[in-house]
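Trainee: I would like to go through the terms used for this structure and see what each rests on.
Mentor: Then ask about them in turn.

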Amino acid sequence: MTTPAKAFSESAQRYTADLPHRVWIQRALVGYYVKRDENKNRFQNWQSARDAAAEIKWDAVNHLDRYLEEFVAKLEARGTKIFWAKNAEDARNYIVGVARENKVRSVIKSKSMTAEEIHLNDALERAGFETVESDLGEYIVQLRREPPYHLVFPAMHLTRGQISDLFHEKLNSAPTDNPEDLTMIARRVMRQKFCAADMGVSGANFAIAETGMISITENEGNARLTTSLPKIHVALVGIEKILPKLSDLALFLPMLATAGAGQSLTCYNTLYGGPRQPGEVDGSEQFHVVLLDNRRTELLADAEQRDALHCIRCGACLNVCPIFKNVGGHSYGTTYQGPIGSVITPHLRGLHDWKHLSQASSLCGACTETCPVKINLHHHLLHNRRNAARAESFGGKILYRGFAFMMRRPKLYRFATRFARIAQPLQNLIQGTIFDPLRAWTKTRSFPKVAEKSFHQLWRERKKS
Amino acid sequence: MTNREIILGRIREALKISAPHPAFSEKAQIPSPPNLFQSSFQKWLPPVGETSDEQIELFRQNSENLKTDFRVCADVNEAVQYVKTLAVENHWGKIGTHHGELTNAVARELNLPKVQTDSGYAIADLESCDAGLTECESLIAQTGSVLVSAHSAGGRALSVLPPHHIVLARKNQMTPNLSIALQRAREKFGDTFPSFLSFITGPSRTGDIERILVLGAHGPKKLTILILP
């Protein structure tokens, strides 16, 4: 069986050798950089805004029990059904159950990474409910039967030509190379789905404890339709989405838009505080909020990395990550790609299988620098490396111990550097072959030549003269 | 034990070990947490002028960037004339609207079939409207947004289902930023908020195909905002 590490390594190798793909991703991100900086510069003080955002999320996450109880009490008081899901299976079963009980025929979905995390679409489809993604990018990757490439820009890896071919094949539409025409094809298809669907499933960007509301951020209007027309609305919410106060949105909405898509504010930022209330003309008859743990509490228990739960899923760290830009979103094999995915996946899905992601980093720190809520991302990758080393096998431990033993003994170190100079010509003979102990490195790169004289030697000579 | 007890138990267990407080809070120049939470964040967010004229001007600039059709009307008549022009230019056959002081004043002058959402409506009926005419809670200068609610905009769907959304607002509904807009909503509703509140910032859009901006993804392709005295 292929391990996630092996799959990652193979896919990363394929993608990094794919120059057109790399150029494509770079080009797609250039526009984002320009817009992001433009909007950041409109802030009077972006850095202080980040400090404040980090402070607020720290408060929320470190008093999570209290805020969740407040959130739930407010929502329940207004007729919302709350379900606490310990894991993905709990959440899937509950949502499929709601669909069954209400004899739902079709389900319309708005974009939700949490739903991707629990593979909700598969579960609904297997139970016999047609489930359609309504976000354009998500719809495209759903038609291609592949996971989102990026947690904010799901179809950024595709060209208009590929999308036109896809629509032609699946929807029988006329080929076009105009993005507007392609968007209108999806709009027309989706309008029918919206009007027919009897259950809408959404995620949530924020959960406001003080007033008992969820907040959904989007540009297309699909989430608004998902939550307006069907008679049942189910929102799947990770327990870490809490914000203490309604007024916190005045900071978080502009920051999410700026960091996430280089906008001053996303087109629709909508708050839902219950099903249709007395005196209101429309809206869902049933409103279900599914609160998902799914090992978030394990990350919470790691005080050192607890701030990874501050994440607002803006995707800014992906956009600046040299690794993401080269290996591409699909190589990760995770729901959450890029630096944040590499940090949290070992917690959510097990360190043993996902520790390799901690190595998918140059530790340049661009992710930490760009994060609007100041998560210490690249240090957490180091923490995960350390944790993985602690759980290392006997052979690995011997290797690292030996290295440490040598590095602490100057005489031995000097001998080793001298030996390396002599041994290198021999290594050249076997470079890249299976006899080469450094094969992983030398297969695609030449090993740098060991210098004639070490720094120690040069230093000594210099002092003498 | 219920799931609720289990999850809350896990959280309380996890929080027994306290996490390091963000390092920056020790720096003198950052306000201490109590001040931080009381502030309205405005000192860090993009600047907004204090006078009504400055705010309307900022709203106009933002509208231009967002491709919102924004206009200040001298009186109701001017608004009526403008909406009539839109109706002719865009060949409207039917509009959706709701009862309100401003919407009624404009809608009764339009010689078009109407879907009033107030007393309930059929989805297909509203979907076939060419425009939705609504009022709003407030306008936000800083971001060029309009805050609508289930109460002020004829429900949830009227402001998103028809392809052209027209908002009628009073000049005194202009607010500087999101904080003040939310505060006003709180003053108005107290603890009984409507089940739906939405900040609308420009017409519906997407960049999902090659990051190229396309207006009218699923919601309105056009957004018109008219300010009356």
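Trainee: Which residues in α9(A) meet which residues in α10(A)?
Mentor: Arg160(A), Ile163(A), Ser164(A), Phe167(A) and Leu171(A) in α9(A) meet Pro179(A), Leu182(A), Ile185(A) and Val189(A) in α10(A). Contact requires C-beta atoms, placed from the backbone, within 7 Å. The residues of this contact divide into 7 nonpolar, 1 polar and 1 charged. The model is predicted, so local features need pLDDT of at least 70 and side-chain atom pairs 80 or more, while totals for chains, interfaces and linings use all residues. Residues are numbered from 1 along each chain as its sequence is written, with chains lettered from A and ligands numbered from 1 in the order in which they are written.

Trainee: Why is α9(A) called roughly parallel to α10(A)?
Mentor: The axes of α9 (residues 160–171) and α10 (residues 179–196) of chain A come within 10 Å and cross at roughly 30 degrees. Angles under 35 degrees count as roughly parallel, so α9(A) is roughly parallel to α10(A).

Trainee: What makes β4 and β7 of chain B a pair?
Mentor: Strands pair if DSSP finds at least two bridges between them. β4 (residues 131–134) and β7 (residues 164–170) of chain B are joined by 3 bridges and run parallel. Thr134(B) has Val167(B) in β7(B) as its bridge partner.

Trainee: Why do β1 and β3 of chain B stand at the edges?
Mentor: The open sheet has 6 strands in the order β1-β12-β7-β4-β2-β3 (chain B). β1 (69–72) and β3 (114–116) each have a single partner strand, so one side of each is left without a neighbour in the sheet.

Technical notes: Axes fitted to C-alpha atoms, helices over the stretch in contact; angles between N-to-C directions. Helix = DSSP H or I, 4+ residues; strand = E, 2+ residues; numbered from the N terminus. Parallel < 35°, antiparallel > 145°, perpendicular 65-115°, else oblique. Contact = placed C-beta atoms within 7 Å. Nonpolar A, V, L, I, M, F, W, Y, C, P; charged D, E, K, R; others polar.
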